[in-house]
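Have the model open as you read.

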Amino acid sequence: MEKNTDLFLVIDMQNVYTKGQEWACEGVDSATEAILRVLNAGVCPNVLFTRYLAPEYPVGVWKEYNKVNAKVNADPFANEVIADFLPWTTKYPLLTKSVYSSFAIPEVKEMAHHARNVVISGVVAECCVLSTVLSAIDEGCKVIYLTDGVAGLSQESKQEAEKIISYFAPLHTELMTADEYIRKYR
């Protein structure tokens, strides 16, 4: 079997998106489980974690966004990566961004350009995940979207984002579950 050169991108799996938190996403627990299955299977050697942290000097509409969300931005627990992923962030890089798309991070772009596919997981389906998928497509990357490895604000809005992403198939995107992805490379 050919060596897997995919980039597994785990987007913004931070405490603020867990149950009971300010920006809780439906399905974050099941998305966590799906992501952990891929990590534990060891099928993708290239992994990057991203997180959103507010910049000291935001520009444009981000000034208002960060003003409205100042309480969340100032909460260290909310901004920390979900505990299940902390051990993995000692093995793989944890990169910080201050906008929706993970492709705003130069290291993500660089690694994506050397990958056969960019495997997308994380939160929030309708925001950071969708923005990252569209940026990846614009960069010329093929995207594998892990349907069970993504959580959204609601099940309905997650499905809407997934539907938008499906419109780019088969050339730019491919939708599959974590288990389907694992089987592909086992």
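Contact here means heavy atoms within 4.5 Å. This is a predicted model, where local features need pLDDT of at least 70, side-chain atom pairs count only at pLDDT 80 or more, and totals for chains, interfaces and linings use all residues. Residues are numbered from 1 along each chain as its sequence is written, and side-chain values use heavy atoms, leaving out hydrogens and water.

**Helix H9**
- Ala178, Tyr181, Ile182 and Tyr185 are buried (under 20% relative accessible area; exposed is over 50%, partly exposed in between; 1.4 Å probe, protein chains only) in helix H9, residues 178-185.
- Down the axis of H9, the buried residues fall within an arc of 100° (directions from the helix axis to the C-beta atoms), so they line one face of the helix.
- Their cover includes helix H1 (28-41) and strands E4 (117-122), E5 (142-150) and E6 (173-176); helices (H or I, at least four residues) and strands (E, at least two) are DSSP runs, numbered from the N terminus.

**Aspartate 6**
- Aspartate 6 sits in the segment before strand E1 (7-11) and is buried, at 0% relative accessible area.
- Its side chain makes polar contacts with the side chains of tyrosine 181 (2.7 Å) and tyrosine 185 (3.2 Å).
- A polar contact is a pair of N or O atoms within 3.5 Å; within protein, one must be able to donate a hydrogen and the other to accept it, and residues adjacent in sequence count only if both atoms are side-chain atoms.

**Cysteines**
- With a disulfide defined as two cysteine sulfur atoms within 2.5 Å, the count is zero.
- Cysteine 127 is in no disulfide, and the nearest cysteine sulfur, in cysteine 128, is 5.5 Å away.
- Cysteine 141 is buried at 8% relative accessibility, and its sulfur is 13 Å from the closest cysteine sulfur, in cysteine 44, too far for a bond.
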